[in-house]
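Try each task before you read its solution.

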Amino acid sequence: MTEALATPSPRRGFNWVRFLEAYALVFALVLLGAVFGALRPESFLSWANISTMLGSQAVLVVLTMALIIPLTAGDFDLSVASMLTLSAMIIAVLNAQMGYSLLVSMIVAVAVGVVLGIVNAWFILYFRIPSLIVTLGTGTFVNGIVLWMSGSMTISGLDDALTEWVVVRRVAGIPLAFYYAVALCAVIWYFFGYTTPGRRLLFVGRGREVARLSGIRVDRVRLFSLITSSVLAAGAGIMYAGTIGAADPLSGLTFLLPGFAASFLGATSISPGRFNPWGSLVAVYFLVIGITGLTILGIQTFVQNLFYGGGLVLAVALSQLVRKREAQDFT
Amino acid sequence: MSLYRTMLLSLAGGAAALLATASANAATPDIEGAKKLIEAHSALPSFVPPGEPFDAKKCMKGKKLLTIPVSSANPFTKNIATAMIAVGKQIGFEVKEWENQAQPTQWVQGMEFAINNHFDAIDLLGGVNPQVLGPQIAQAKKAGIKIYTSHLYDTIQKPDPSVDLSMQVAYHDVGTILASWATLKTNGKVNAVIVGSDEIIPTAPFVKGITDGLKTICGPDCKFTYINAPVPEWSTKIKTGVQSALIADPTINYIIPIYDSMSQFVIPALTITGRKDVKIATFNGTPFVIDEIQKGKVEMDVGESLGWIARSVLDGYMRDMCGLKTYSALYVPFYLFDSSNAKNAGTPADFDRGYGDQHVAGYEKLWMLK
């Protein structure tokens, strides 16, 4: 007995399968970068290209973060892209047309994000309507508001300070937008992994009834996740307005599907089976490297769609092979 | 014949001068020819009657026209439709807009509305492709309704045979203007990125106008690359495409987004790559782009007066509906906005400002309203 206690427990071997699964997308990203770098070293591997790639897709990273919070709690928020567009338009109307300061305009945009989150949560939680239906409806409603308030027009003339603080100012040659996105990933990673509310969010997503019986106030957690999602989407809208220096009523809506693609692709990486911020970040830049490389090579535009769609399905399928095709539960 | 001659003179006087110069002197770059064309389109447009006068009030009495814009959420087509309604009211006949948000099913509903409510003609405005409305067009024609399209085909394109009359735009001439502008400003050393959307019907002749212009006016030392960005993907493809092109070739000095609303995605590409030396020249005269000219972010925009378009469209249609000889080349002058005159469009810029108002009185006289 004493001997047995004294014997150190056999150390578990390094789990290569898990490691490969967690970092397959990272390897694919590096491989893809290496292939394009070998084909066009002078342009693809230039720091100008790398910094441009990192800075220009920060809006998509933030919007993906807005998606993974309710997804972790088991809710879909289809209104995030509409909130992004509304937020950018609020800033354009208040700042460029009505002359309010940038700060006031941004506060109003974020406040409207809080309101939309509460409205979504009220319909989902009080009426017990699936989140997919509610957010589809509220998103469409918000699109109508954006068209109305903009008169279907693109509004430019935003305070240059916004562009300055989003894409013009740089650290190590990379626009600040990238650092905002990475900082947000770090905050969400800490929140998910090391805080009680973050763990509660995960429990609620894994099993609402079990979470409720464990004493977690499920509705309150879901309310929080939906408000956070809309607020982050409003933040993505502020960054989008800062990136293009204007706001238009439609283009922001095109971020919705790439956002979902990055969320699901990200859930196969770093912490497989869970929506996670670093996985999503890797997923966004995996897609961006592919698209940029194809563009630099002068490949026709339809190939980009093949890459986006094919990349998502193939990556998830490969991840499933590594997991020996066990059923996936992303919530 | 005189009608066409008049229109040709008014639309492309500068182009003729350029061709004459080009044929006389085949040497490139043809800076002098480019300069003449640019000067011709920099002067405020003057109204030249595109046909014989007729009593519009009398012959249009009791007639009804339904206009289906490609989207009522698109300010370009919406404002043309609004101007057509106002002009129709002034003449004394009904012009109704079928409000929609670019969904073909909504266009189908509009066609059925026109058939059920006994309209005399239907106008497919600014991008509604008659090919997606085949059954409805056949039904409408059976009911004696005329089918027109406006601001859709280039003058060198053949419209769909189901259409009775198309008011076509000389997009390829705009291409020549853009090529001349870049040639003039770079002194014959253009390296341009052209951004287009291939699924839009006039894109092919428009882009050909630019590339032919770069070959014949600018010459063999000038280069271009082309990026195709379908409309739903403007926000994702234009920025990344332009960024990548600028990084792949640092000698690029012009970006030519063929539709000016694309500029909002080109400007951030220049900002993020730090290439403020690269110029943007474009087409449409959309207000926010003219604002960007005032701020120095866009160099030039070829504009069209929407009020002028609306009147020319109605002029062509009314002639056809009244059984008069009509024409198919839309009479709308192309007018250049740059830093010297962008303020004339207002601050912030407005649709239909800065082009002068000769067309208003000109058409009133042509239609015998005064």
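Two strands count as paired if DSSP finds at least two bridges between them. Keep in mind that this is a predicted model.

**Exercise 1. Pairing and order in a sheet of chain B**

Task: Find how many bridges join β1(B) to β2(B) and in which direction the two strands run, then work out which strands stand at the edges of their sheet.

Solution: 
- Step 1. Start with strand β1 (residues 64-69) of chain B, which is joined to β2(B) by four bridges; the two run parallel.
- Step 2. For one place where they face each other, look at L66(B), which stands opposite K96(B) in β2(B).
- Step 3. Widen the view to the open sheet of five strands, whose order in chain B is β2-β1-β3-β4-β5, with parallel pairing.
- Step 4. Read off the edges: β2 (94-97) and β5 (165-169) of chain B each have a single partner strand, so one side of each has no neighbour in the sheet.
- Step 5. From one strand to the next, the twist averages 20 degrees.

A reminder for this exercise: strands of a sheet pair through backbone hydrogen bonds, either parallel or antiparallel.

**Exercise 2. The surroundings of a helix**

Task: Decide whether helix α11 (residues 287-294) of chain B is largely enclosed or largely open, and find what covers its buried residues.

Solution: 
- Step 1. The cut-off we need is this: a residue is buried if 20 or more other C-beta atoms lie within 10 Å of its own.
- Step 2. In α11(B), the residues that count as buried are P287(B), F288(B), V289(B), I290(B), D291(B), E292(B) and I293(B).
- Step 3. Seven of the eight residues of α11(B) are therefore buried, and the helix is largely enclosed by the rest of the structure.
- Step 4. The cover includes β1 (155-156) and β4 (246-247) of chain A. From chain B, it includes α10 (263-273), β9 (279-284), β10 (300-303) and β11 (335-337).
- Step 5. After α11(B) comes G296(B), with a positive phi near 85 degrees.

**Exercise 3. Two kinds of contact**

Task: Describe how the two domains of chain B meet, and then which residues of chain A touch chain B by class.

Solution: 
- Step 1. Chain B is divided into domain 1 (56-169 + 305-366) and domain 2 (172-303). Their C-alpha centres lie 28 Å apart.
- Step 2. In chain B, 23 residues of domain 1 are in contact with 23 residues of domain 2. On the domain 1 side, β4 (146-154) and β11 of chain B are the elements that give two or more residues.
- Step 3. That side of domain 1 has 14 nonpolar, five polar and four charged residues.
- Step 4. Between the chains, 30 residues of chain A are in contact with 32 residues of chain B. On the chain A side, α4(A) gives the most, with five residues.
- Step 5. The chain A side divides into eleven nonpolar, 18 polar and one charged.

**Exercise 4. Backbone exceptions**

Most residues other than glycine have a negative phi, and most peptide bonds are trans.

Solution: 
- Step 1. The T28(B) to P29(B) peptide bond is cis, with omega near -5 degrees. P29(B) sits in the loop between α1 (2-24) and α2 (31-42) of chain B.
- Step 2. R128(A), a residue other than glycine, has a positive phi near 55 degrees. R128(A) is in the loop between α7 (102-126) and α8 (131-150) of chain A.
- Step 3. R128(A) has 7 other C-beta atoms within 10 Å, so R128(A) is exposed.

Notes: Residues numbered from 1 in each chain as written. Chains lettered and ligands numbered in written order. Predicted model: local features only at pLDDT ≥ 70, side-chain atom pairs only at ≥ 80, totals over all residues. Buried ≥ 20, exposed ≤ 12 C-beta atoms within 10 Å, placed from the backbone. Contact = placed C-beta atoms within 7 Å. Domains from an automatic or database assignment. Nonpolar A, V, L, I, M, F, W, Y, C, P; charged D, E, K, R; others polar. Axes fitted to C-alpha atoms, helices over the stretch in contact; angles between N-to-C directions.
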